Amino acid sequence: MHSDDVVWDTLGNRQFCSYKITTKTQNFCRNEYNLTGLCNRSSCPLANSQYATIREEKGRCYLYMKTIERAAFPRRLWERVLLNKNYEKALEEIDENLIYWPRFIRHKCKQRFTKITQYLIRIRKLTLKRQRKLVPLRRKIERREKRREEKALIAAQLDNAIEKELLERLKQDTYGDIYNFPIHAFDKALQQQDAESESESDAEKEEDDEETDTREFVEADDSDLSDFEDMDKLETSSEEEQEEEEEVEKKASHSKSKGKTPLKGPARRKRRYIEIEYEEETEPTTKTKAA
């Protein structure tokens, strides 16, 4: 026989209960089906054969009910009813399912359902609102990583300096015929030299193209044309003077040969002689014979 008073006397009267939490002011209950969270006779889910509570699972509220008829079947002890998302309709469903139950249980179920809906609304608002994410700083790990990066950088710089120095010494033939160095270093140096020679040849080609394209055509000024005209005039005048001098010398020699005195005054200039040649076309003889 299941007796609620016997169970409460065993659990509640200062005896052991695994769900009980004792404090200086009040006792609390950790059972997930507890309606109020307090350890007392009216809200204990173990000491009440007729009991109801509200639970939240994945954002939905359920009404759990326990009756004395299912006490012999622990698998089917609790009846679960899914409540509507609408607050008013959910309260109506609670009243319908708990219509003949004690008023204390109905009131506490509605109060618990109200609190659950309120914190679900706050959760939705916080998820939609942008929030700052606090990320813990691991100072010890950061310092260790920083030291490792510095050491790796120093080692890389040292390796590059040693490689450059060895390549320079090989170019200067300081080691003679010794070539037991890594091959990839020589390949890298050859690639660099080829790239430098290609860049220099490209630069020389560009300079040659620029030099060939520097030829321009400029319009002549009036001063240059006048200089050319003055030169032509000077040449013609010098030729005329030479011709006049020759004519004067010829006249003087002719007058001396005849025994006459030369005429006083300036000598007259003679006009230039112009020879004109005419070409006459004659008909061929073949035509005359044919006629």
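A residue counts as buried when its relative accessible area is under 20%. By this cut-off, Cys-44 is buried, because its relative accessible area is 10%. Cys-109 is buried as well, with a relative accessibility of 0%. The model examined here is predicted. Across the 291 residues of the chain, 16% count as buried.

The cysteines form 0 disulfides in this structure. A disulfide would need two cysteine sulfur atoms within 2.5 Å. For Cys-44, the closest cysteine sulfur belongs to Cys-29. That sulfur lies 6.0 Å away, so the pair is too far apart for a bond.

The secondary structure comprises 7 helices and 5 strands. Their order from the N terminus is α-β-β-β-β-β-α-α-α-α-α-α. Among contacts with a separation of 6 or more, 34% join residues 24 or more positions apart.

One nonpolar surface patch covers about 440 Å² and is built from Ile-274, Ile-276 and Tyr-278. Ile-274 sits in the loop between helix H6 (222-258) and helix H7 (285-290). Ile-274 counts as exposed because its relative accessibility is 72%, and the cut-off for exposed is over 50%.

The average pLDDT of the chain is 77, and 69% of the residues score at least 70. Over residues 287-291, pLDDT stays under 50. The model shows 0 contacts beyond four places in sequence for residues 287-291.

Note on methods. Residues numbered from 1 in each chain as written. Predicted model: local features only at pLDDT ≥ 70, side-chain atom pairs only at ≥ 80, totals over all residues. Heavy atoms only, no water. Buried < 20%, exposed > 50% of the residue type's maximum accessible area, 1.4 Å probe, protein only. Patch = residues over 30% accessible without salt bridge, like charges linked within 9 Å, V, L, I, M, F, W, Y side chains within 5 Å. Areas by Shrake-Rupley, 256 points an atom, 1.4 Å probe, with all protein chains shown as cover. Salt bridge = Lys/Arg side-chain N within 4 Å of Asp/Glu carboxyl O. Helix = DSSP H or I, 4+ residues; strand = E, 2+ residues; numbered from the N terminus. pLDDT = per-residue confidence, 0-100. Contact = heavy atoms within 4.5 Å.
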